[in-house]
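This briefing walks through one protein model, beginning with a single residue and widening to the sheet, the core and the overall fold. Please keep the structure in view while reading.

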Amino acid sequence: MFVNKVKVACAAFLMCVGSTVYAQNFKVVLDPGHGGKDPGAMRGNYVEKKIVLDVALKVGELLKLDKDIKVIFTRKTDVFIEVQERTKIANREKADVFVSIHVNAAKTLLLMVQNLYNGYQ
Ligand SMILES: [Zn+2]
């Protein structure tokens, strides 16, 4: 059940990106949340930092199939990166889209959307 939800989320993300990509050299920054000393949400054997890294790497593989999309990762291994550094990477790369991937935990089945903003300094 959990894996199916991840697959649905990945498909929805790809449809969103696919419907907006029309320019060449479209840059997508994929940001697997947490990492290293920050595990994120944990429930049983599920650890958010590992799940989101797997999802990001898979989504990146799929996006790279389109030669007009350049994929940049904020992390590709289990390392901790400060939030501010993550957005600096996107700004430095002049990304068209920045996607921070999280898998939050809840005791009930809810459809949750989390919007995060990080303003320029
Ligand atoms: Zn998270």
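Leaving out neighbours within four places in sequence, Leu 30 is in contact with Ala 56, Val 59, Gly 60, Val 71, Phe 73, Val 99 and Ile 101. The model is a predicted one, and in it Leu 30 belongs to strand β1.

**Leu 30 and its surroundings**

- Leu 30 counts as buried because 26 C-beta neighbours lie inside 10 Å, where 20 or more are required for that label.
- Leu 30 and Leu 53 are 23 residues apart along the chain, and a distance of 9.5 Å separates their C-alpha atoms.

**The sheet and the helix packed on it**

- Three strands form an open sheet in the order β4-β1-β5, and their pairing is parallel.
- At the edges of this sheet stand β4 (69-73) and β5, each of which pairs on one side only, while the twist from one strand to the next averages 20°.
- Helix α2 packs on the sheet and touches β1, β4 and β5, with its direction making about 165° with that of β1.
- The parallel strands β1 and β5 are joined by five bridges, and Pro 32 stands opposite Ile 101 in β5.

**The nonpolar core**

- The largest nonpolar core holds 16 residues, of which Val 28, Val 29, Leu 30, Val 52, Val 55 and Ala 56 touch the most other members.
- Two or more residues of this core come from each of β1, α2 (48-63) and β5, and the largest share, seven residues, is given by α2.
- As a general background to such a grouping, nonpolar side chains in soluble globular proteins tend to be buried together.
- Val 52, named among the core residues that touch the most other members, is itself in contact with Pro 32, Gly 33, His 34, Ile 101, His 102 and Val 103 when residues up to four places away in sequence are not counted.

**Two residues with positive phi**

- His 34, in the loop between β1 (26-32) and β2 (42-43), has a phi near 65°, a positive value in a residue other than glycine.
- Is His 34 buried or exposed? His 34 is buried, because 23 other C-beta atoms lie within 10 Å, and this residue is also one of the contacts of Val 52.
- Lys 94 likewise has a positive phi, near 55°, and is not a glycine; its place is in the loop between α3 (83-92) and β5 (97-101).
- Lys 94 counts as exposed, because 9 C-beta neighbours lie inside 10 Å and the label applies at 12 or fewer.

**The fold as a whole**

- The secondary structure of the protein consists of three helices and five strands, which follow the pattern α-β-β-β-α-β-α-β along the sequence.
- The protein has 121 residues, of which 21% count as buried.
- When contacts between residues at least 6 apart in sequence are considered, 69% of them join residues at least 24 apart.

Definitions and conventions
Residues are numbered from 1 along each chain as its sequence is written. This is a predicted model: local features need pLDDT of at least 70, side-chain atom pairs count only at pLDDT 80 or more; totals for chains, interfaces and linings use all residues. Helices (H or I, at least four residues) and strands (E, at least two) are DSSP runs, numbered from the N terminus. Two residues are in contact if their C-beta atoms, placed from the backbone, lie within 7 Å. A nonpolar core is a set of buried Ala, Val, Leu, Ile, Met, Phe, Trp, Tyr and Cys residues joined through C-beta atoms within 7 Å. Two strands pair if DSSP finds at least two bridges between them. Axes are lines fitted to C-alpha atoms, for helices over the stretch in contact, and angles run from 0 to 180 degrees between N-to-C directions.
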